[in-house]
Amino acid sequence: MASARDWVTVNKDSMSFISRVIRYLFWLLVLSWSVALLRRLVAWMLRGATPAASPQGVHVAGSSEAVGMARRLVRDPVCGAHVAEVLAIPLREGGDVLHFCSIACRDEYLRTNADKNTKKIAATG
Ligand SMILES: [Zn+2]
């Protein structure tokens, strides 16, 4: 038979039980998080094992399409350098998308293009 004193100890136990459950849930969260991280790491390592993949292309998308894009080279119209499309700096102009090896090249292109446009305007106007 449970006496009043036993009930107090039971209440204390249930309190420590709740804190234990909270701690358990916390560790469960940490564990599931680290498992997800580990799985991502393994996936990254497996993809890194194939010679086609580039580590910079991984963050763009997890699909094979991104790997194909990483292998595609585009030409910088300013300096003529060939760069991987995922690493290039894109610039949408009209219907075309131009790719540059660096922001400096893009700015150079924009500057020369702006000069051309202002000259055009000056010539017609
Ligand atoms: Zn360039």
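## Reading a predicted model: what the labels rest on

C105 touches D76, V78, C79 and F100, leaving aside residues up to four places away in sequence. The model is predicted.

Q: What makes D76, V78, C79 and F100 count as touching C105?
A: Two residues are in contact if their C-beta atoms lie within 7 Å. C105 has such contacts with D76, V78, C79 and F100, residues up to four places away in sequence not being counted.

Q: Why is I103 called exposed?
A: I103 has 9 C-beta neighbours inside 10 Å, so I103 counts as exposed. Its place is in helix α3, residues 103-124. The C-alpha atoms of I103 and A88 are 9.1 Å apart, and the two residues are 15 apart along the chain.

Q: Why is S102 called partly exposed?
A: Buried takes 20 or more other C-beta atoms within 10 Å, exposed takes 12 or fewer, and partly exposed lies in between. S102 has 16, so S102 is partly exposed. S102 sits in the loop between β4 and α3. Its C-alpha atom is 6.3 Å from that of I89, a residue 13 places away along the chain.

Q: How do you know that β3 and β4 pair?
A: Pairing takes at least two bridges between the strands. Five bridges join β3 (residues 89-93) to β4 (residues 96-100), so these strands pair. They run antiparallel.

Q: What lies between β3 and β4 in their hairpin?
A: Two residues lie between the strands. G94 is in the turn, and its phi is positive, about 65°.

Q: What pattern does the protein chain follow along the sequence?
A: The pattern is α-α-β-β-β-β-α. That comes to three helices and four strands.

Q: How many of the contacts between residues at least 6 apart join residues at least 24 apart?
A: In the protein chain, 22% of them do.

Key: Residues numbered from 1 in each chain as written. Predicted model: local features only at pLDDT ≥ 70, side-chain atom pairs only at ≥ 80, totals over all residues.
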